Every structure is written in C-alpha cells, then in structure tokens.
Amino acid sequence: MTNRRHEDTPANTDSPEGRAHGPVAFQIEETPPVRALVVHVAFKAGAIKAQAPDETSTLRDETARLDEAEGLALAIDLDIAGSEIVTVARVHPATLIGPGKVEEIAEAARVQDVGLVVVNATLSPVQQRNLERAFKAKVLDRTGLILEIFGRRAQTKEGRLQVELAHLSYQKSRLVRSWTHLERQRGGFGFMGGPGETQIEADRRIIQDRITRIRQDLEKVRRRRELHRANRQRVPYPVVALVGYTNAGKSTLFNRLTTAHVDAEDLLFATLDPTMRRLELPHGRTVILSDTVGFISDLPTDLVAAFRATLEEVLEAEIILHVRDISHPDTGAQAADVAQVLAELGVDEARRDRIVEVWNKADRLAGEERTSIENQAMRSDNVALISARTGEGIDTLLALVERTLAESSSRFRVTLEPTEGRRLSWLYDIGEVLERHDGEDGRVTLVVRVPPEKVGPVEARLGASAQALDSTERRSAAE
C-alpha cells in the first residue's frame, strides 16, 4: 500500500521553476503492507446450526475455503504472515473459538508482529472485541473483509453509495457494546435538560440519518435504471446477464464475447460495477450482454440488499448465463451459493429454464477429469463447456444462447392488409421479423418472433390476423 504525504520543503529560489511552484513539494513514501494472519473457522456438524446455518457449508472443502479467505485478504493488499484452519466443535459465545486456540493465535500474532487477524467467519460485536483484546491486534471478520474489498473496488457513484449503505448497516450493529465510551451520556439542552442521550444513541442516530439519505439517493438511481430499462424494451434487444461466483471468469468471458476492456484479473472481486455491451449472435440477432458483480458464500445480507438495484438487471434478463469455474474443487458448493442468491433476488424455480450453465476454465482440465466433465456437459442440453481465456467452446455457447432465446420466444404468422401499415411498423418495433412475403395484392405475410411479455399485446391487437406457430414450425423458424 502506498501513503502519500505533503512535506514543506524550502523552495529553490535560485531557479525560476522553484519560484514558480512555491514552497510545497510532494514526496511519495512506500510503506509495507499490513501483516496479517488468516484464520479459517471450520464448524463441525454440531456447531453449524448455531453459527453457520448455510447447508452448503457441509459440502465445502475446508482447504479450499482457507484458500478463498487468503484470496480475499490479498485483494486488499495484505501481507499474509500465516494461515491455518481452526476446527470448532462447540461455539464459544465470548470468542467463537476455544480459549486454548485463542492463546495459540495470540502468541503467533505476537511472534510474527502482525497488526491484523482475519477470521473467516461471522463474528458478533462482543466476539470481535474480545478477540482484539486477546490478540492485541485488529480483528476483521468475513463480512468486514468483503465490505472492505467492495469499498475499494466500487468506481461509480452508484457503486460507492451501495457499498456505503451496506457498510453503515454493518457498523450500526457494531455499536452495541463495542466501545465503553459509547455508554457515557451527554448533557441535555437548556436549564431543565435531562440526562441527555448516550454517545451510542447519538452515533446510531447519525448513522441512521446517513442511511436514510443514501436510500433516497439509491431510490433515484433505481428510477433512473427503470427509465433506461424501459428505453431498452422499446428496442427488441433481449438482455443476457452473466452471473457466477467471484473469480469464475465472468469478466474474461464478457471481454471475449464483446471485445470490451473490463478489468479481468485472477483476483476475487476484480470488477464490481456492472457493464452492458451489445453482442451480435452468429445468425444476426442482437442482444445486450450484462456483466454483474460476483457472488460469494456467506455474502452479507446488507450487500445483497444494497446491490438489489444493480442486480435487478438479472431479474429482467431473458437468459441468465451462470458462469462456473468447473476446475475448482468447490464448484458444486459455489453453484449452490449462486442459486441461493438468485432465489433471494426472485429467480424462482419456474424461471430456472432461462438459466444456461457455462462451465468455464476447461483449459485447466486434463486426462480423465476432462473426459468426465465433457461427458457430463454433452448429456445436458443447457450446458456449454468453454475456456474464456483461450476461446474454446465459445461457438457452442453462442449457439446455445441463440437456441434458448428461440425456445423462450413465441412466433406468429401474421397476415396484414395493405392499409395496415401502422400495425406492420408496430410489429417491427416490438418483435423480430424472421420472414416477409409481399403478395401481388398488397398483402404482407410475416413470421415474427416476440418475447414472452409481448405475446398478450400481439394477440389482443391483431386477433385472428396472428396465428401462433406450433412446435414444428418454431423449430423450423429457429433454424
């Protein structure tokens, strides 16, 4: 990490440059990154319900979870002095982990001179305070660490507002018995003032006022997004949204498909702010591709709520591309985490047919493992095995997207009289004209494909003039 400081230095009055620029010079100091210990807490079956009710926790490889925690720490430029897995059979209310392990970690923190201990679990305010006293170092739990990463990565005004809202909601809960000075009372106003409010009440009120203002600003953002979405709906371009676990390769795939230049690094939460680009499919159909924020296990609920306006793009998407790192040992549990967040957003079972699984990082597979994964992908009609880095399987993915769009849309054969030019123009606006035949008598016969939400208006406005195609004709039109 880099510290910038201003230093007052004597001006070089002998040179015109010194007289022109004045007495202030800038000096950049390189300071070493904060040394940290990373502690992953693995809960045994009896402790899971008490502290980690997520059922997918039992599916996870604990070594992979420790690696993920280290990746999160590296994402904020920490110098990892050491890491370990602590198994908890019984949750200790005061410190989460047992007293013997607390002493052991405290000794390691002292010997290695660390200033921060990252605990890969959710800590209560009391547990965090007690561990900081025992370790004589700052303690950051998983929620705080993710919030710190989001705070650093947010670039747009909307992103910063969303992160600040989540952070303030988190801080508000941390005020409870976290610091002794917050219990002191401030005097009331006037001669007859009572005991006044405690510092904790004042701080909570200040935070709540700021939360209210941010929510008002985000409501304006939500309305603006609705206007943009309404404008996009006037142009018949379906939205295809990329979702997936963080570091699954969404941004790399986005760049591969759209030749965009979104930051794509081998780093957790390398990109945070959503991006949308136009993409033309092989047979000429145009879609809007949307890259969204990555998900992660135990994603703070405050963050899910704060980013709801951004993630609404997923709800409106015609197709959801679920990008998975198929080479990761925890790929199954990661997929379950993504499905859980999608369910929280409102993507229910009835709409799961819109989800296409993209098994990424095929270039990391070899031997029997690759053969097995290839066979699994071929047996499924909604899976594409690809490598976003090398381009392998991209043609298969685009063909699958095109086919899924064709299956989800409705097709009509419409015959219009020569005087129905307004209806003809309307069909071009709301749908995609696949075929057109102009008769000698002036009649126009169209095969038009419309999204699901436009089926009702077509049937209501055109009536008997619009004939729904059967499944055989649909497949023919799609081909």
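Strand E10, residues 319-325, is largely enclosed by the rest of the structure, because seven of its seven residues are buried. The model described here is a predicted one.

**Strand E10 and its partners**

- Both faces of E10 are covered, with Ile319, Leu321, Val323 and Asp325 buried on one side and Ile320, His322 and Arg324 buried on the other.
- Strand E7, which spans residues 239-244, runs parallel to E10 and is joined to it by five bridges; in this pairing glycine 244 is found opposite valine 323 of E10.
- Strand E11, residues 355-360, also pairs with E10 in the parallel sense, here over six bridges, and histidine 322 is placed opposite glutamate 357 of E11.

**Loop residues with positive phi**

- Most residues other than glycine have a negative phi.
- Asparagine 247, a residue other than glycine, has a positive phi near 70 degrees, and its position is in the loop between E7 and helix H9 (250-258).
- With a relative accessible area of 23%, asparagine 247 counts as partly exposed, because the buried class is limited to values under 20% and the exposed class to values over 50%.
- Lysine 361, likewise a residue other than glycine, has a positive phi near 65 degrees and belongs to the loop between E11 and helix H13 (367-379).
- The relative accessible area of lysine 361 is 11%, so this residue is buried.

**The four-stranded sheet**

- Four strands form an open sheet in the order E4-E3-E5-E6, and their pairing is parallel.
- The edges are taken by strand E4 (79-88) and strand E6 (138-141), each of which has a single partner strand, so one side of each is left without a neighbour in the sheet.
- Neighbouring strands of this sheet are turned against each other by 20 degrees on average, when direction is ignored.
- Strand E5, residues 116-120, pairs with E6 in the parallel sense over four bridges, and leucine 116 stands opposite lysine 138 of E6.

**Helices across E5 and E6**

- Helix H5, made up of residues 125-135, lies across E5 and E6 and runs at about 140 degrees to E6.
- Helix H6 lies across E5 and E6 as well, running at about 85 degrees to E6.

**The contact between H3 and H6**

- The axes of helix H3 (residues 62-74) and helix H6 (residues 142-153) come within 10 Å of one another and cross at roughly 40 degrees, which makes H3 oblique to H6.
- The crossing of these two helices, H3 and H6, is left-handed.
- On the H3 side the contact involves Arg65, Glu68, Ala69, Leu72 and Ala73, which meet Arg142, Leu145, Ile146 and Ile149 of H6.
- Sorted by class, the residues in the contact of H3 with H6 are six nonpolar and three charged, with no polar residue present.

How values were computed. Residues numbered from 1 in each chain as written. Predicted model: local features only at pLDDT ≥ 70, side-chain atom pairs only at ≥ 80, totals over all residues. Heavy atoms only, no water. Axes fitted to C-alpha atoms, helices over the stretch in contact; angles between N-to-C directions. Parallel < 35°, antiparallel > 145°, perpendicular 65-115°, else oblique. Left-handed = near helix turned anticlockwise from the far one by under 90°. Contact = heavy atoms within 4.5 Å. Nonpolar A, V, L, I, M, F, W, Y, C, P; charged D, E, K, R; others polar. Pairing = 2+ DSSP bridges. Buried < 20%, exposed > 50% of the residue type's maximum accessible area, 1.4 Å probe, protein only.
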